[in-house]
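Let's take a walk through this protein together. Please have the sequence and the 3D view open side by side.

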Amino acid sequence: MRDAAPVSTPPRVLPPNDPRQYDDLAGEWWRPNGAFAMLHWLARARAALVPPASERDALLVDLGCGAGLLAPHLAGKGYRHVGVDLTRSALDQAAAHGVTVVRGDATAVPLADGCAAVVSAGELLEHVPDWRRAVAEACRLLRPGGLLVLDTLNDTLLARLVAVELGERLPTVPRGIHDPRLFVDARALVAECARHGVSLRLRGIRPELGGTLAWLLRRLRGTDRPARTEPRIVPTWSTAVLYQGSGHRSG
């Protein structure tokens, strides 16, 4: 009598923007051509906005830190890098890359008022149910003169088309990773930051075309070897899809 064939378990289907997706994709964070490759490019562009620390062990709070992708780009800048995230599997990887990790919600961060010289909120706001509360927390954590840096997706039809309708059909973007109802209107974000004492300046950004096409080709071929240089995030004239912001807290 032959043994019964093993029954394969189909991948679970989760609602859009469900945090459990990050556990299912835990092995993708540090793959050069993995599902989160673009987050590496964005982390490098965000870190370029952060100047060297003006004092020893100045605190940089990385909200929605994931697996610590910002850490390599902060090396040598002199910050104590504290990462806040809800996903334990991601935090374990962040800790392995030198980040001091805190498991917590970006809308209720268990850190003291005014503790941070820099707060980073990269690719976070479009994933939280109440982005205004996350902004309030980011600003609360900043000391007077502290720097807020962020990037997110705009609440526009074009952003929905590019990031969801087109982007999530590519084999390089996890399906359902975004909920377009949470995308963040750029003007509303500037106004909300101003309410909390941060004058935010915005610019549109995008991945460079040539490097992105070369990366996509490597991904489609199934190779996991890193390129000599990863694609760059470059400025663009429009904030209609993806935009980057920076600003200092008054006082």
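Is E123 buried or exposed? At 14% relative accessibility, E123 counts as buried, where buried means under 20% relative accessible area, exposed means over 50%, and partly exposed lies in between (1.4 Å probe, protein chains only).

## About the model

This is a predicted model, in which local features need pLDDT of at least 70 and side-chain atom pairs count only at pLDDT 80 or more, while totals for chains, interfaces and linings use all residues. Residues are numbered from 1 along each chain as its sequence is written, and side-chain values use heavy atoms, with hydrogens and water left out.

The chain has a mean pLDDT of 91, and 92% of its residues reach 70 or more; pLDDT is the predictor's confidence in each residue, from 0 to 100. Over residues 5-10, however, the pLDDT is below 50, and this stretch has zero contacts in the model beyond near neighbours in sequence. Contact here means heavy atoms within 4.5 Å.

## Two positive phi angles

Back to E123: this residue is found in the loop between β4 and α5. Helices (H or I, at least four residues) and strands (E, at least two) are DSSP runs, numbered from the N terminus. Phi of E123 is near 50°, a positive value in a residue other than glycine.

N17 also deserves a look, with phi near 65°, again positive in a residue other than glycine. N17 sits in the segment before α1 and is buried, its relative accessible area being 12%.

Why can helix α2 be called largely enclosed by the rest of the structure? Eight of the eleven residues in α2 (residues 37-47) are buried, so the rest of the structure largely encloses this helix. The buried residues are A37, H40, W41, L42, A43, A45, R46 and A47.

The loop between α1 (20-24) and α2 holds N33. With a relative accessible area of 1%, N33 is buried. Its side chain is joined to that of W215 by a polar contact of 3.3 Å. A polar contact is a pair of N or O atoms within 3.5 Å; within protein, one must be able to donate a hydrogen and the other to accept it, and residues adjacent in sequence count only if both atoms are side-chain atoms.

Next, have a look at α5. W131, A134, V135, E137, A138, C139 and L141 are its buried residues, and they pack against β1 (58-63), β4 (116-122), β5 and α7 (186-195). Among them, E137 counts as buried at 12% relative accessibility. Leaving aside neighbours within four places in sequence, E137 is in contact with A106, T107, A108 and V109.

A search of the whole structure finds one cavity of 30 Å³ or more, and the largest cavity has a volume of about 40 Å³. On a 1 Å grid over the protein atoms alone, a cavity is a set of points where a 1.4 Å probe fits but cannot get out, and lining residues have an atom within 4 Å of a point. Grid points are joined across faces, edges and corners, and the volume is the space filled by probe spheres set on the points. The lining consists of L63, A121, L124, L125, A134, V135, A138, L148 and L150. The lining divides into nine nonpolar residues, no polar and no charged; Ala, Val, Leu, Ile, Met, Phe, Trp, Tyr, Cys and Pro count as nonpolar, Asp, Glu, Lys and Arg as charged, and the others, Gly among them, as polar.

D155 is found in the loop between β5 and α6 (157-166) and counts as partly exposed at 31% relative accessibility. Not counting residues up to four places away in sequence, D155 touches R160, P180, F183, V184 and D185. The side chains of D155 and R160 are joined by a polar contact of 2.8 Å.

R103 lies in strand β3 (residues 100-103) and, at 51% relative accessibility, counts as exposed. The C-alpha atoms of R103 and D85 are separated by 5.3 Å, although these residues are 18 apart along the chain. A polar atom of the R103 side chain lies 3.0 Å from the backbone oxygen of L86.

Definitions and conventions: On a 1 Å grid over the protein atoms alone, a cavity is a set of points where a 1.4 Å probe fits but cannot get out, and a pocket is an open set with protein on both sides within 12 Å along at least five of seven lines; lining residues have an atom within 4 Å of a point.
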